[in-house]
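Biologist: Could you walk me through this one? Start with the overall picture, then the details.

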Amino acid sequence: MKLLIYAIAYLIFLYAPIILLPIFAFNDATIIAFPLSGFTTEWFSELTQNSALHAAVQNSLIIAVCTAIFATILGLCAARAGAMSDFPGKKGITGFIMLPLVLPEIIVAVALLVILRQVLGLSLGNWTIIMAHVLICTPFSIAILNGAFGALDPAMEEAALDLGESRWSAFRLVTLPLVMPGIISSMLIAFTISLDEFIIAFFLTGSNPTMPVYIWGLLRFPKSLPVIMALGTILVALSVVLLTIAEIFRRRGVRRAGGTDTGGFL
Amino acid sequence: MTDLIKLRGVDKYYGDYHALRGINLTIRAGEFFSLLGPSGCGKTTLLRVIAGFEGVSGGTVMISDKDMKDVPPNQRPTNMVFQSYAIFPHLSVGENVAFGLRKSKLSKTDKAKAMEDALSMVGLAGYGSRAAHALSGGQRQRVALARALILKPKVLLLDEPLSALDKKMREHMQVELIRLQRAVGITFILVTHDQEEALVMSDRIAVMFAGEIGQLDDPETLYRRPNSRRVAEFIGKMNFLPGQVVAVGEAITLDVAGFGRTDVPTVQAPEGAKLGDAAIGIRPETLAILFDGEKASRHEAAAVVDEVVYYGDMTYYDVRVKDVPEPLTIAMKNMIGRPVLEVGAQTRIAWDERAIVVF
């Protein structure tokens, strides 16, 4: 009983702020305060008419998709090397690759800004954000794909090789289908991380802001707060759906490769 | 029989670790050959060298008189049954078995027929459309066999194929593998740490220790005349007694502790006998307890029962014989009317000098 109360209190602590988003997104008042004054979908329809927001969302989607693809390709290479071959200094290298996972984003952002602007003298744009997002998403991709490759019997690829396939076709016909759920899971996670990443995007964004940066800009106008609530509601729903799909694929992957589940992100 | 595989001075290093130490080995076409040894002796490494999954650090590997240097696994006339079976879980049983035919120029119907033939050969006819991940251990093993044999390799390599099965299934598959090998006439090379499995299945066995071949012989020679104490200890049980070689001529004259002077045939010293101290080996089943009124056909000695282990079909006795430092183990078949002795019982044992091995 005590444990149950504790669990409920914990869940409230975790999720109460997020629950407030949809409540005020449908509230018929520009001031964010209780009591609620009535139900409206006005804020959502306002979202559909804001062209600056649309441009920001489009930017964010392009960045997130590119990040997902690049981070997963890099993760695939690293995870495969880690799982299937042994080389000197493997442990150290793996550790270094995973480091950005715990590195404060603000440091990555400042460092990248200095290098790109001061050292290399490049102009900022979507591709600079993509590069930075690949940097922070790759460790997540590696973590997920390590799980997928870890559950894979190394004899699988050798068996395909033994049966006459080349190295590449053995990978394509046997390894790839078996780790595909991990690949999809990795892409979805990277996509989600990139989509709502703020600090790096804020530092490295050029003239076209990403969605989180645009939302931050909106905060200066109290009237637009409910619109942000509406946008936030959509983002939360989207994140939950994507993460759930990612987890389903990860579990399916572990099952398919014949391993036992050792826990993932959800 | 013609020689199929020739290994000459094969060395393999992993860093500083010397996994294979100058292996010389010839395997004949059509034989059932086993690599037997404790874990870490290099038997699996040797198998993977033949398959091409591991390169060699020195020496040559020849298959059908062709140097296999730089020939990748997918172009060698070998196929492998992996210890884990490595059945592709995302494919059906039929797709698994027919996997090796992807590159072949056979028509679709011929491929389907070859797949069916391979499946019926291993007793899985009609299983083609089943999902591979739903199979039992024994069935996976059969699929792995069918998948490897469909390419009609010159050599089938089996890496501990029975170790994942329970005892009953394992004994059943041993017989099936022998039958299969005779039916297809392909050279089988089996890696195993199970001496009984090797004895049951093989035409010849190479016993490996620490990257070297300790002895290579047919099962009977290996069991009856092991060339060293470590081979004798690894295969079956053996009693060791101190002794002395006092003369070597047409026979070897020995003084054996507790048993006195005796002559044994020279073949009983596989590595030859030198005058002086020697270790004398006697297998437990070549000794016998003499029950009331029984007489030894050759020699006998007085003994005291030290330990009794009852196995159902057999009873193992440890007995003390005067002047023999360690108790001797004797294996006796349990027969009707034959009692099981108790610890401390006075008895007589029979021994036969023709069963003695001199090291």
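Modeller: Chain A has eleven helices and zero strands, helices (H or I, at least four residues) and strands (E, at least two) being DSSP runs numbered from the N terminus. This is a predicted model, where local features need pLDDT of at least 70, side-chain atom pairs count only at pLDDT 80 or more, and totals for chains, interfaces and linings use all residues. Residues are numbered from 1 along each chain as its sequence is written, chains are lettered from A and ligands numbered from 1 in the order in which they are written, and side-chain values use heavy atoms, with hydrogens and water left out.

Biologist: What does the C-alpha trace of chain A span along its principal axes?

Modeller: About 70 × 60 × 35 Å.

Biologist: At what angle do helix 3 and helix 8 of chain A pack?

Modeller: Helix 3 (residues 51-84) of chain A meets helix 8 (residues 167-195) of chain A at about 135°, and their axes are 8 Å apart. Axes are lines fitted to C-alpha atoms, for helices over the stretch in contact, and angles run from 0 to 180 degrees between N-to-C directions. The angle makes helix 3 of chain A oblique to helix 8 of chain A; under 35 degrees counts as roughly parallel, over 145 as roughly antiparallel, 65 to 115 as roughly perpendicular and the rest as oblique.

Biologist: Which residue classes are in that contact of helix 3 with helix 8 of chain A?

Modeller: The contact of helix 3 with helix 8 of chain A has 15 nonpolar, six polar and one charged residues. Ala, Val, Leu, Ile, Met, Phe, Trp, Tyr, Cys and Pro count as nonpolar, Asp, Glu, Lys and Arg as charged, and the others, Gly among them, as polar.

Biologist: And how do helix 6 and helix 8 of chain A pack, at what angle?

Modeller: Helix 6 (residues 126-150) of chain A packs on helix 8 of chain A at about 140°, with axes 9 Å apart. Helix 6 and helix 8 of chain A are therefore oblique to each other. That contact of helix 6 with helix 8 of chain A divides into 13 nonpolar, seven polar and no charged residues.

Biologist: What about helix 2 and helix 3 of chain A, which angle there?

Modeller: About 75° between helix 2 (residues 42-49) of chain A and helix 3 of chain A, with the axes 6 Å apart. That makes helix 2 of chain A roughly perpendicular to helix 3 of chain A. A:L47, A:T48 and A:Q49 of helix 2 touch A:S51, A:L53 and A:H54 of helix 3, contact meaning heavy atoms within 4.5 Å. By class, this contact of helix 2 with helix 3 of chain A has two nonpolar, four polar and no charged residues.

Biologist: Switching to the interface. How many residues of chain B are in contact with chain A?

Modeller: 21 residues of chain B, against 19 residues of chain A. The two chains bury about 1800 Å² between them, 60% of it on carbon and sulfur atoms; buried area is the accessible area (1.4 Å probe) that two parts lose on being put together, summed over both.

Biologist: Which three residues of chain B supply more of its buried area than any other three?

Modeller: B:N74, B:H90 and B:F99, with 30% of the area that chain B buries against chain A.

Biologist: How many salt bridges between chain B and chain A?

Modeller: Three, a salt bridge being a side-chain nitrogen of Lys or Arg within 4 Å of a carboxyl oxygen of Asp or Glu. B:R48 forms a salt bridge with A:E158, with the closest N and O atoms 2.6 Å apart.

Biologist: And over all chains, what is the count?

Modeller: 22 salt bridges.
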